[in-house]
Amino acid sequence: MRKVVIITGASRGLGREIARTFGQAGWGIAVNYLNSKHDAESVAEDVTASGGDAVVIRADVGDPAQADRLINSAMTHFRRLDVLVNNAGVSRQGLFVRLDENMLDETLRTNLKGPFNTIRAASEVMARQGFGHIINVSSIVGVKGRAGHSAYAASKAALVGLTKASAIELAPHGIQVNCVLPGYMLTEMGTAAAEKTKENALADNLLKKYSIPAEVASFIYNLTYMSSASGQVFNLDSRMI
Ligand SMILES: NC(=O)c1ccc[n+]([C@@H]2O[C@H](COP(=O)([O-])OP(=O)(O)OC[C@H]3O[C@@H](n4cnc5c(N)ncnc54)[C@H](OP(=O)(O)O)[C@@H]3O)[C@@H](O)[C@H]2O)c1
């Protein structure tokens, strides 16, 4: 029987690479998206062509009802759930003093409430099974902070806290919860941020290298085969924390 992963925000960027990586290993994949329908469909075609199975599910993870529907639809299609990757995220930039409250709400809604909603729904299923991995995609910005990113930093710091607290609560049910800090990747989100901070994008990066989404995806894939790690935060670039 195929193993199954739900990947939020799998239409573009890192999420697309994660879907491709699991797809090449023959997994069943729920490809979640919000706006990019055609991109999500093309990810699903790639997955199927490489030997995996895919279902495309539109859901706004920030809405609890839609997050429930995402998990339920994936279960209806695949009948099991091994891994949930909370990858969907938004980045709204602006100096703290000028930050619009709506920008803060919007950022927290996707980056924090999204994983909160999906973890609640998926952990019910995983607890019944007695196993499961949940991997949250946070950011080093949530640990170190960055000028112009206060809403994003707050949301990603909170996601680290959510990872740790849910790891403690879910461990007795056989569910592992971990968090990755992928590093600076030149996806749509990363390119926009790098353009704004051109001179210093790699300043505190020892190797002066951007992270490669396919390598990050491969790390996430391998983490799902680790039986000993939970409640951990893995930093995947050369900035020290
Ligand atoms: N890029 C970086 O340098 C970097 C660094 C550290 C951490 N991260 C984190 O890595 C993750 C992926 O980033 P990325 O660079 O691949 O971003 P991206 O290219 O902007 O892609 C974001 C993805 O999230 C989806 N999404 C946004 N809001 C959603 C919602 N409410 N419900 C469902 N899906 C939603 C988008 O779907 P649609 O297109 O369908 O709307 C898209 O697939 C994010 O959590 C980000 O914070 C990125």
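Predicted model: local features only at pLDDT ≥ 70, side-chain atom pairs only at ≥ 80, totals over all residues.

**Exercise 1.** In which sense, right-handed or left-handed, does H4 pass H6?

Residues are numbered from 1 along each chain as its sequence is written.

*Solution.* Step one: H4 passes H6 in a right-handed crossing. A crossing is right-handed if the near helix is turned clockwise from the far one by less than a right angle, and left-handed if anticlockwise. The labels come from DSSP runs numbered from the N terminus: helices are H or I with at least four residues, strands are E with at least two.

Step two: the axes of H4 and H6 come within 9 Å and cross at roughly 15°. That makes H4 roughly parallel to H6 (angles under 35 degrees are roughly parallel, over 145 roughly antiparallel, 65 to 115 roughly perpendicular and the rest oblique). Axes are lines fitted to C-alpha atoms, for helices over the stretch in contact, and angles run from 0 to 180 degrees between N-to-C directions.

Step three: among the residues that meet here are Leu104, Leu108 and Phe116 in H4, and Tyr152, Leu159 and Leu162 in H6. Being in contact takes C-beta atoms, placed from the backbone, within 7 Å. By class, this contact has 13 nonpolar, 5 polar and 1 charged residues (Ala, Val, Leu, Ile, Met, Phe, Trp, Tyr, Cys and Pro are nonpolar, Asp, Glu, Lys and Arg charged, and the others, Gly among them, polar).

**Exercise 2.** Work out the strand order of the sheet and find its edge strands.

*Solution.* Start with the order: 7 strands form an open sheet, S3-S2-S1-S4-S5-S6-S7, with parallel pairing. The edges are S3 (53-58) and S7 (233-235), each of which pairs on one side only. Two strands pair if DSSP finds at least two bridges between them. Neighbouring strands are turned by 20° against each other on average, direction ignored.

Now zoom in on one pair: S1 (residues 4-7) and S4 (residues 83-86) share 3 bridges, and Ile6 has Leu84 as its bridge partner in S4.

**Exercise 3.** Describe how H1 meets H2.

*Solution.* First the geometry: their axes come within 8 Å and cross at roughly 20°. That makes H1 roughly parallel to H2, and the crossing of H1 and H2 is right-handed. Then the residues: Arg16, Ala19, Arg20 and Gly23 of H1 meet Val43, Asp46 and Val47 of H2. By class, that gives 3 nonpolar, 1 polar and 3 charged residues.

**Exercise 4.** How many residues surround the ligand, and which are the closest?

*Solution.* The count is 30, and the closest are Gly9, Gly13, Gly89, Thr187 and Gly190; a residue is near a molecule if its C-beta atom, placed from the backbone, lies within 6 Å of it. Next, look at who contributes: H1 (13-24), S2, H4 (101-129) and H7 (188-196) each supply at least two shell residues. Finally, sort the shell by class: 11 nonpolar, 16 polar and 3 charged residues.

Note on methods
Contact = placed C-beta atoms within 7 Å.
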